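Reader: Could you take me closely through how the helices pack in this model, and then through the backbone details that deserve a careful look? I would like the criteria stated along the way.

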Amino acid sequence: MNDMTSIDSPSVAKSGLLNLSRRGFIGASLGTLVLGVSVSGGRKAFAQATAPALAAGTNVNAYIEIRPDSSVLFRSAFIEGGQGIFTAMAQIVGEELDVDPARFVVECAPPGPDYLLIGNVRFTGGSMSVRMSYDRMRKLGASGRMMVMQAAAARLNVPLAELTTEPGRVIHAASSRSLTYGELAAEAASLPLPADAPLRAKADFRWIGKPVARLDMHDKSTGKTQYAIDLKVDGMLHAAVQHARHLGAEPLSIANEAQVRTMPGVHSVHTLPGAVAVVADSWWRARRAAESLQVEWSVPAAGTKNMMPADFSSEEHMAKLKAMSGDGIAAETVGDVAKAMAGAKTVVQATYDAPHLAHAQLEPPSALARFNSDGTLDLWLPNQAPEMFQAAAAKIAGIDAAKVNIHSPVLGGFFGRHFLYDSANPFPQAILLSKAVGRPVKLIWSREEEFLRDALRPMSAVHFRGGLDESGMPVALSAVSMGEGPAGRWFGRKPDTVDSTTVEGIAEKHYAIANRRVGQIHVDDPAIIGFWRSVGHSMNDFFYETFFDEMADAGKQDPYELRHRLLADNARLRTLLEAVADLSGGWKRGPFVAEDGTRRARGVAMASPFGSEVATIAEVSMNGSDLVVHDIWVAIDPGSVINPAIVEAQVNSAVAIGLSTALMEEVVYEHGVPRARNYDGYPILPPDRMPKVHVRIIESGAPLGGIGEPGVPGVPPAVVNALAVLTGKRVRSLPLSRTDLSGTI
């Protein structure tokens with residue numbers, strides 16, 4: 001894993017001005033972030049005094065608290081950010097516990113070994129939460145039910161085999177007696193984990209597979225949900241920051257510091273690595289003061305970690321990527337591409353590219369830090385990995401990790417924004433400011449500071465070559481990806497190996513093309529890059545699926561029929577492709593005239609992200625020089641489904657973000673600074689450009705796949721493929737707003 005400089009103990013100047021080196025600020029080594037911390041007192045499930053040492057995901061008492069009224073508090077290992085995790089967990093656990101999910105209250109669990117469910121670590125991402133914990137959550141609920149029944153057997157003095165349950169109650173039919181779960185909770189908590197609690201048969205499911213209403217919808221709709229930016233604690237001060245325009249620069253002096261200190265509500269002024277800050281009695285006053293600071297910034301020395309070159313431009317970097325030559329390091333090799341290409345009747349070549357993207361979530365980054373008299377630190381912050389943030393915060397604060405209490409409120413948007421990116425998170429600043437002023441501090445980044453410091457989706461370009469035989473069928477495909485992936489950036493990259501996030505969506509496609517080679521040429525991305533919704537698939541499926549249509553056109557093949565033919569040996573994907581065609585009323589490429597008189601066309605694309613399979617069709621027309629997307633049909637096969645209503649909602653949201661990136665989103669750097677610092681310069685899809693979305697769920701019975709991200713990747717290629725049919729213009733670069741579409745029809 002990449003080295004992230006460890007934290008030196010911060011020092012606070014007597015004047016109250018905080019002066020720390022960059023070394024003393026930037027987060028902890030990602031290689032040492034997983035810690036074992038027991039669930040603290042007051043947060044025990046049931047009534048048990050001490051939690052047993054059990055494997056992650058099996059300790060009933062760490063997850064489940066049955067209350068006197070038989071409602072259930074469930075501590076989720078995963079964080080809710082709008083994707084429906086809390087409701088899905090209530091359905092899975094409630095099914096086996098035999099408690100109606102509507103009786104659940106779900107919150108994010110604190111750091112601790114019981115919650116390390118993914119490879120002995122814990123994070124919410126990669127559309128893995130449900131699919132990676134499904135079996136263990138079912139067993140957890142079944143164990144809880146068995147413990148309650150065992151307690152009832154002892155209380156009623158009857159054989160366990162004579163007991164059954166109905167939601168929230170244990171029944172002894174022979175004596176017409178029953179006990180509520182709430183009455184039995186304390187006794188159940190003292191029992192050992194059952195060795196082999198039976199699971200329900202799928203045919204008996206009451207809630208799994210049903211469109212159970214989301215548990216969080218009412219509070220979100222009525223404004224009761226508390227996000228990190230809403231939180232308050234006694235004695236709290238507010239803070240705002242002004243970052244250096246160029247990452248790597250440091251504050252040298254503040255010309256008007258004395259005047260700013262006298263502004264209304266200002267408590268103190270601070271320098272931080274790469275930033276200056278103002279602490280005040282309200283955030284608005286802190287922001288106005290921070291923006292007023294007249295700062296002289298240093299010029300970063302050569303070799304400064306994470307330095308953004310002052311002359312960096314997106315245009316020049318993309319030109320560099322596209323100018324790369326060679327085959328790169330092989331990620332996939334099947335057959336003999338060189339031989340097949342040499343013997344091909346037709347060779348098709350094209351280069352595709354996609355820009356940096358911002359996360360642009362509506363909730364701005366924030367953190368609330370409070371040092372306590374017992375030496376502990378409470379930290380409230382949006383995050384996707386509590387244990388990782390706990391370890392990083394401990395190093396920043398100069399205390400043991402066990403003394404850091406991480407609170408993980410629901411997120412106002414996910415998208416990969418809330419991982420531990422070393423310069424894109426405000427929590428280190430909040431910790432240092434709270435330590436400096438001796439009071440709790442809530443720091444919120446303004447929208448301008450967020451756009452300046454966001455961790456971006458990487459920029460990428462791919463060279464394609466396709467070989468066709470005399471009948472127009474693909475016999476060879478070569479793809480070389482140029483750029484850097486977030487997995488290598490944050491989890492380490494060995495020399496002469498491929499970062500999977502740079503080629504996912506290109507390598508290991510299911511089409512029966514006999515000779516294939518996919519490679520990567522690593523090119524450092526000067527920006528701070530991060531994970532973005534559907535990661536490499538978000539651009540790579542656009543590249544591949546659109547080039548696929550280019551090959552189909554060159555071979556005089558219908559792209560839908562060509563896909564169908566090349567999936568002849570893959571029943572799952574062929575069924576899915578047929579399903580999306582049926583959903584759309586039957587495949588027709590066009591151009592054709594719709595009932596309203598508009599000239600339209602359709603495009604199709606397929607994607608295989610995060611264990612799910614997706615087929616997408618888009619229908620478009622032109623209104624002058626503007627592309628209009630009327631309908632998008634999505635067939636998705638996640639193997640099986642926990643909540644079809646959540647699946648449909650997630651597909652709708654994925655279509656929105658996928659279309660937004662296809663039509664208009666891009667981060668443009670000029671002179672080392674992003675051009676856009678707010679939504680006026682970074683437009684996102686407006687409501688009047690959102691198409692109708694039609695969803696069909698296919699349950700093939702394959703292993704459970706993800707839901708939150710798989711709907712994104714198929715949208716851009718389906719739209720661009722439809723555009724090519726309609727206009728005769730093949731677009732190979734996103735977003736479409738960069739392409740002049742006037743006069744194309």
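**Helix packing and backbone details**

Author: The axes of helix 10 (residues 386-397) and helix 11 (residues 427-437) come within 10 Å and cross at roughly 35 degrees, where axes are lines fitted to C-alpha atoms, for helices over the stretch in contact, and angles run from 0 to 180 degrees between N-to-C directions. Helices (H or I, at least four residues) and strands (E, at least two) are DSSP runs, numbered from the N terminus. This is a predicted model, in which local features need pLDDT of at least 70 and side-chain atom pairs count only at pLDDT 80 or more, whereas totals for chains, interfaces and linings use all residues. Residues are numbered from 1 along each chain as its sequence is written, and side-chain values use heavy atoms, with hydrogens and water left out.

Helix 10 passes helix 11 in a right-handed crossing; a crossing is right-handed if the near helix is turned clockwise from the far one by less than a right angle, and left-handed if anticlockwise. On the helix 10 side, Phe-389, Ala-392, Ala-393, Ile-396 and Ala-397 meet Phe-427, Pro-428, Ile-431, Leu-432 and Lys-435 of helix 11, contact meaning heavy atoms within 4.5 Å. These residues divide into 9 nonpolar, no polar and 1 charged, where Ala, Val, Leu, Ile, Met, Phe, Trp, Tyr, Cys and Pro count as nonpolar, Asp, Glu, Lys and Arg as charged, and the others, Gly among them, as polar.

Turning to another pair, helix 15 (residues 537-554) and helix 19 pack at an angle of about 30 degrees, with their axes 8 Å apart. Helix 15 is therefore roughly parallel to helix 19, since angles under 35 degrees count as roughly parallel, over 145 as roughly antiparallel, 65 to 115 as roughly perpendicular and the rest as oblique. Their crossing is right-handed, and Asp-541, Phe-542, Glu-545, Thr-546 and Asp-549 in helix 15 meet Pro-716, Pro-717, Val-720 and Asn-721 in helix 19, a contact made of 4 nonpolar, 2 polar and 3 charged residues.

For helix 16 (residues 559-566) and helix 17 (residues 571-583), the axes come within 9 Å and cross at roughly 155 degrees, and the two helices are therefore roughly antiparallel to each other. The crossing of helix 16 and helix 17 is left-handed. Tyr-560, Arg-563, His-564 and Arg-565 in helix 16 meet Arg-574, Leu-577, Glu-578 and Ala-581 in helix 17, and the residues of this contact divide into 3 nonpolar, 1 polar and 4 charged.

As for the backbone, Pro-591, in the loop between helix 17 and strand 21 (592-593), is joined to Gly-590 by a cis peptide bond with omega about 0 degrees. The peptide bond from Leu-734 to Pro-735 is also cis, with omega near 0 degrees, and Pro-735 is found in the segment after helix 19 (715-727). Asp-98, a residue other than glycine, has a positive phi near 70 degrees and lies in the loop between helix 2 (85-97) and strand 3 (104-108).
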